[in-house]
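Please look through the sequence and the model shown below before reading on. The paragraphs that follow take up a few places in turn.

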Amino acid sequence: MRLKCFGTDHNFSEIRARVWVQCAALVALGLLPAGAQENPKPDARIAQALAQVSAARIQANIEKLVSFGTRLTLSAQDDASIQQGRGIGAAREWIKAEFERYSKDCGGCLEVKADTFVEQPADRIPQATQLTNVYAVLKGSDPENAKRIVLVTGHYDSRNSDTFDAKGDAPGANDDASGTAVSLECARVLSKLKFPATIIFLTVAGEEQGLNGSKHFAQMAKEQGWNLEAVLNNDIVGGDKSAKQDHGVVRVFSEGVPVAADEKRLRAIRGLGGESDSVSRELARYVAEVGRTYDAGVKPLLVFRLDRFLRGGDHYSFNQAGFAAVRFTEFREDYNHQHQNIRTEKDVEYGDLPKFVNFDYIAAVARLNAATLASLASAPAPPAKGRILTKDLENDSTLTWEAAPGGPAVQYEVVWRATSSADWEHVQSCGDKTRCTLPVSKDNVIFAVRSVDKAGHRSLPVAPEPER
Ligand SMILES: [Zn+2]
């Protein structure tokens, strides 16, 4: 049997020390070979792509987005304004052109699309308004795996102090030109590679008016039955240069109990202690593992909560449609620099201006996103129909699953952790078998199963259901 202790998901030394002590205890008990802490080895191809991420390009893209004056969803989008380069219409056309430019550089590998619809009047939408989500699709190279989709998104709309001010400046450098720049930069560097699964680089409108763009997009994905495995939402990833900022970490928010869970699922979650194993939470743990595997320049700090206190974002639209989705946000926000008219009062500068954001930090966040997208798009599909056998009362645990559809899995791994632990602590390879018995009681731990290909790419882990 192969047992390993995992590293931790962030740089809090006391947690690292605790895990080390746990590992040391297992070594002492003879349950673990010494020095067994091990993370997946980086894929050289992915590491090379990450090295292409450019802070200078991100800066240029953010400054360009800011140059449109305002990107409020209610701002101008007529031809004259687009020509003049002011308003959300001009921003939309520029993003489209930018994706098309990347596509030209990779021999037309990206399909650039617009999801346009009319939003009827609502709280923050005074009259019927046309919204456009702009996105680029890097189709998977393997016909079977191309149906699997991973997605990165940011919102390109902005706002100032007044959600209805369609004319005044709303630079939105951090909120959320930074997230838009992450989508763009991921598209630019990853379009130079091929992946078995499909990657979508999305930029949405309407976030500030009520998540309208992402809602429409997530609903479309649901209605069309997309196999959308993961959504990474980047919103306020500028690394505002305030004094107490920690540029070493980026928060990754994930919901616990899924908003889309029905009564039956909620009963199962309550009964089995599944409150911290939603698909979004497993995705967050995956990001943590990617953060340990690749040196992105920033470490994910997992926050086990849907979003910041009483605040929301586009990942929630995807959660509502039943998809795994997490939110990346800088460690410490400066509220003087978001949703504010540009002004100086009593020597305090307000406004979401490029001078307050840290382009190197955004580049690091882009690398972490790109590494996650590339790892998932390279990996086999997760195992299907994971089950944990419960017919007999026994202290061992037997798990079964079906082979990952679409091919390249050569082995399966069971991961587990104490019920009170945040992240996976142990792993056992089950070879290419689809059934594994472990000398660990299912009453005491939480299990999941994942697929691994020949090169060591791992799928998202899936929590098994009890089989009676
Ligand atoms: Zn935002």
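Predicted model: local features only at pLDDT ≥ 70, side-chain atom pairs only at ≥ 80, totals over all residues.

How are helix 3 and helix 5 oriented to each other, roughly parallel or roughly antiparallel? Helix 3 covers residues 55–66 and helix 5 covers residues 88–105. Their axes come within 11 Å and cross at roughly 150 degrees. Angles over 145 degrees count as roughly antiparallel, and helix 3 and helix 5 are therefore roughly antiparallel to each other. On the side of helix 3, the contact is made by Arg57, Asn61, Lys64 and Leu65. Helix 5 contributes Trp94, Ile95, Glu98, Arg101 and Tyr102 to this contact. By type, the residues where helix 3 meets helix 5 are four nonpolar, one polar and four charged.

Helix 3 also packs against helix 12, which is made of residues 359–378. Here the axes are 8 Å apart and the angle is about 105 degrees. An angle of 65 to 115 degrees counts as roughly perpendicular, so helix 3 is roughly perpendicular to helix 12. The residues of helix 3 that take part are Ala55, Ile58, Gln59 and Ile62. They meet Phe359, Asp360, Ile362, Ala363 and Ala366 of helix 12. The contact of helix 3 with helix 12 divides into seven nonpolar residues, one polar and one charged.

Which residues coordinate the zinc ion? The donors are NE2 of His155, an OD atom of Asp175 and two OD entries of Asp235, at 2.0 to 2.6 Å. The four donor atoms subtend angles of 54 to 145 degrees around the zinc ion, and the arrangement is therefore irregular. Along the sequence, the donor residues follow the spacing H-x19-D-x59-D. His155 belongs to strand 3, residues 148–155, while Asp175 belongs to helix 6. These two residues are 20 residues apart, and the pair links distant parts of the chain. Both His155 and Asp175 are buried.

Asp175 has a further feature, in the backbone. The peptide bond from Asp175 to Asp176 is cis, and its omega is near 5 degrees. Asp176 lies in helix 6, which runs over residues 173–190.

His155 leads on to another residue, Asp314, which touches it. Asp314 is found in helix 11. Is Asp314 buried or exposed? Its relative accessibility is 0%, so Asp314 counts as buried. Apart from residues up to four places away in sequence, Asp314 touches His155, Val204, Glu207, Leu211, Ser214 and Asn233. Arg292 is 22 residues from Asp314 in sequence, and the C-alpha atoms of Asp314 and Arg292 are 26 Å apart in space.

Ser459 is a buried residue in a loop. The loop lies between strand 16 (445–453) and strand 17 (465–467). Ser459 has a relative accessible area of 2%, which means that it is buried. Setting aside neighbours within four places in sequence, Ser459 is in contact with Tyr286, Arg450 and Ser451, and also with Ala379, Pro380, Ala381, Pro382 and Pro383. Glu394 is 65 residues from Ser459 along the chain, and their C-alpha atoms are separated by 29 Å.

Other loop residues are exposed. Leu310 is placed in the loop between strand 7 (299–303) and helix 11 (314–320). Phi of Leu310 is near 60 degrees, a positive value in a residue other than glycine. The relative accessible area of Leu310 is 84%, so this residue is exposed.

The loop between strand 9 (343–345) and strand 10 (348–350) holds Lys346. Asp347 has its place in the loop between strand 9 and strand 10 as well. For Lys346, phi is near 45 degrees, a positive value in a residue other than glycine. Lys346 is exposed, with a relative accessible area of 84%. Asp347 is exposed too, with a relative accessible area of 76%. Asp347 and Ser191 are 156 residues apart in sequence, and 45 Å separates their C-alpha atoms in space.

Methods: Residues numbered from 1 in each chain as written. Heavy atoms only, no water. Axes fitted to C-alpha atoms, helices over the stretch in contact; angles between N-to-C directions. Helix = DSSP H or I, 4+ residues; strand = E, 2+ residues; numbered from the N terminus. Parallel < 35°, antiparallel > 145°, perpendicular 65-115°, else oblique. Contact = heavy atoms within 4.5 Å. Nonpolar A, V, L, I, M, F, W, Y, C, P; charged D, E, K, R; others polar. Buried < 20%, exposed > 50% of the residue type's maximum accessible area, 1.4 Å probe, protein only. Donors = N, O, S within 2.8 Å, 3.2 Å for Na, K, Ca; no water. Tetrahedral: all angles 85-135°; square planar, octahedral: opposite > 155°, others 65-115°.
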